Amino acid sequence: MTVREYMNRPFDLTRLIKIRTRQLQSVNNLINGTSIAISNLSRSESPDTHRLESLMAKALDLELEITKLTEDLGKATSEVTTSINSINNPACEEVLTARYLCFKDWTTIARELEYSKDWVYRLHRKGLDLLKNNRYLLN
């Protein structure tokens, strides 16, 4: 795992949790009969007689996966925070925190920290290099 992949874990997990939550909402809508009806579609010749059971099992699986992903997110966020705090460079810490814990884009980071975008990129690269030198990071 590269340093960048390691640092992006909270963002990736947050995005995956949102996807699974939307999927769960769709399944729950089907269970509750509140889905959008689409006409002019052909019906299956042999309808699933256990459809409700299948949907409920799918909802439970999604709920369990969301719970696991949320636990993983907490752990990843804690690890990334500890890693960022270990580099002992306040400017780099600010940039890395804004990028990897607050999920801000480069323009927003530059504006909020009152740096040029080039300087933000330079601090980011320096921060990643400092993290790369921390041996415990990728273990």
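I'll start with two helices: the axes of H3 and H5 come within 8 Å and cross at roughly 95°. That is a predicted model, where local features need pLDDT of at least 70, side-chain atom pairs count only at pLDDT 80 or more, and totals for chains, interfaces and linings use all residues. Residues are numbered from 1 along each chain as its sequence is written, and side-chain values use heavy atoms, with hydrogens and water left out.

Helices here are DSSP runs of H or I with at least four residues, numbered from the N terminus. The axes are lines fitted to C-alpha atoms over the stretch in contact, and angles run from 0 to 180 degrees between N-to-C directions. H3 and H5 are therefore roughly perpendicular to each other, a label that covers 65 to 115 degrees.

Which residues make the contact, meaning heavy atoms within 4.5 Å? From H3 they are Ala-91, Cys-92, Val-95, Leu-96 and Tyr-100, and from H5 Val-120, Leu-123, His-124, Lys-126, Gly-127, Leu-128 and Leu-131. They divide into nine nonpolar, two polar and one charged. Nonpolar covers Ala, Val, Leu, Ile, Met, Phe, Trp, Tyr, Cys and Pro; charged covers Asp, Glu, Lys and Arg; the others, Gly among them, are polar.

Now the loops. Asn-88 sits between helix H2 (51-85) and helix H3 (90-100). Asn-88 is not a glycine, yet its phi is positive, about 55°.

Glu-114 lies in the loop between helix H4 (106-113) and helix H5 (117-133). The phi of Glu-114 is also positive, near 60°. Glu-114 is exposed, with a relative accessible area of 71%.

How values were computed: Buried < 20%, exposed > 50% of the residue type's maximum accessible area, 1.4 Å probe, protein only. Parallel < 35°, antiparallel > 145°, perpendicular 65-115°, else oblique. Contact = heavy atoms within 4.5 Å.
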